[in-house]
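Subject: Structure handover

Hello,

Here is the structure I said I would pass on. Please open it first, then read the notes below with it on the screen.

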Amino acid sequence: MTTLYHFHSSPQSQRVRLALSYKGVPWQDRPLAWDDDETFFELGLARRVPVLQLDDGRLLTDSLAILQEIDTLFPDTPPLVNGRIDEAAWQALVDWRNGCDAVLERLYAPVRPAWREIGGDAETLAAYKQEVKHRFGMSLEELANDRYDGFAQFSRLSRLTELSRHLAKNRFYMGEPSIADMLLCADIYPIQIHDGIALPVDLMYYLKRVEDLCGLSPGEDLLTR
C-alpha cells in the first residue's frame, strides 16, 4: 500500500496528505516522531519529509513534484491537475510561494511546538529550540515576538488581501479544486496558530472549505485538539 511518512508540523507533508485524501487513494499514514532518525536510515534517505513510498517501492520526497504528478501517480481518481491547472499557472504559484519562503519559515518555527510531535515532549522541545537557534540565530521566543513584523512582511509579499478576495470570489484558486489549493491550504494554515495574528476572514473560510473538501485538516495532532 502507498505509505506517506511525514511530520504533522510540516506544511510540505500536509500538501501531500490533503491531495491523497481528496483523491480517495488507499494509503497508510505514517506520522513520525521529531527525533525519529531510524526510519530515515531504514529508508536510505536523508532526514526530509514528506516521503511518499509507492506500491512499486519508489520513494518520492519533493512535495511540489508529487503534487504536479499526482494525477499520473494515481490515475482513475478525481483530478487535481488535468483540466484543473495548467503548467504556467502552477509555476506562477510556485514562484509566488518561493518568494515568500524565508519569511514563512520564520513564521512557522515558533508555532511548530503546537504540534504534539515537538511540544508534547520536554526533551524534544529543548532539542528543537537549539535547532531553531542554530538555524535562525534567534531563540524561539525571539522569533515569536517578531511574528507581527513577519506577518506584515508576508502580507505584503503575498498580496494576501488580494489573494483572499480572489479565493472568496472563485471559491478555489482556479475555480475548481486543484493542487494549488493543496499548497495554499497547507502553507497558510500554520500562520493562524500565532497568538494575536488574524488571517482575513475570507481566507479562514477558504481554509475550512479545502479541509472539508479533502476530509482532512492540517491541524491534526495539535496539542490543543
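Gln14 has a relative accessible area of 2%, under the 20% cut-off, so it counts as buried. Note that the model is a predicted one. Gln14 belongs to helix α1. Leaving out residues up to four places away in sequence, Gln14 touches Phe7, His8, Ala186, Leu216, Ser217 and Pro218.

Now the overall picture. The protein has 13 helices and four strands. Its radius of gyration is 17 Å, close to the 17 Å given by the globule rule for 225 residues, so the protein is as compact as a globular protein of that length. Along the principal axes, the C-alpha atoms fill a box of roughly 45 × 45 × 30 Å. Of the 225 residues, 50% are buried. Among contacts with a separation of 6 or more, 67% are between residues 24 or more positions apart.

The protein exposes about 10800 Å², and 49% of that comes from carbon and sulfur atoms.

Next, the interior. In soluble globular proteins, nonpolar side chains tend to be buried together. Here the largest nonpolar core has 51 residues, of which Leu20, Ile70, Phe154 and Leu184 touch the most other members. Which helices each supply at least two residues of this core? They are α1 (11-23), α3 (63-68), α5 (87-99), α6 (101-111), α10 (147-158), α11 (160-170), α12 (179-188) and α13 (201-214). The largest share, eight residues, comes from α12. Another core lies apart from this one; it has 15 residues, among them Phe40, Val51, Ala109 and Phe136.

Ile70 deserves a separate look. Not counting residues up to four places away in sequence, Ile70 touches Ala19, Leu20, Lys23, Leu80, Val81 and Ile179.

Phe74 lies in the loop between α4 (70-73) and α5. Is Phe74 buried or exposed? Its relative accessibility is 9%, which is under 20%, so Phe74 counts as buried. With residues up to four places away in sequence left out, Phe74 touches Thr2, Leu20, Lys23, Val25, Leu52 and Leu54. Phe74 and Arg30 are 44 residues apart along the chain, and their C-alpha atoms are separated by 19 Å.

Asp76 is in the loop between α4 and α5 as well. Asp76 has a phi near 60°, a positive value in a residue other than glycine. Asp76 has a relative accessible area of 82%, and the cut-off for exposed is over 50%, so Asp76 is exposed.

Arg171 also has a positive phi, of about 70°, although it is not a glycine. Arg171 sits in the loop between α11 and α12. At 46% relative accessibility, Arg171 falls between the 20% and 50% cut-offs, so it counts as partly exposed.

There is one item on the backbone to check by eye. The peptide bond from Val49 to Pro50 is cis, with omega near 0°. Pro50 is placed in the loop between α2 (38-43) and β3 (51-53).

The last item is a helix. How many of the eleven residues of α6 are buried? Eight are, so α6 is largely enclosed by the rest of the structure. The buried residues of α6 are Val103, Leu104, Glu105, Leu107, Tyr108, Ala109, Pro110 and Val111. These buried residues pack against α1, α5, α8 (122-136), α9 (140-145), α10 and α12. Ala109 has already come up above, among the residues of the 15-residue core.

Regards

Methods
Residues numbered from 1 in each chain as written. Predicted model: local features only at pLDDT ≥ 70, side-chain atom pairs only at ≥ 80, totals over all residues. Heavy atoms only, no water. Rg over C-alpha atoms; globule rule 2.2 N^0.38 Å. Buried < 20%, exposed > 50% of the residue type's maximum accessible area, 1.4 Å probe, protein only. Contact = heavy atoms within 4.5 Å. Areas by Shrake-Rupley, 256 points an atom, 1.4 Å probe, with all protein chains shown as cover. Core = buried A, V, L, I, M, F, W, Y, C linked by side-chain atoms within 4.5 Å.
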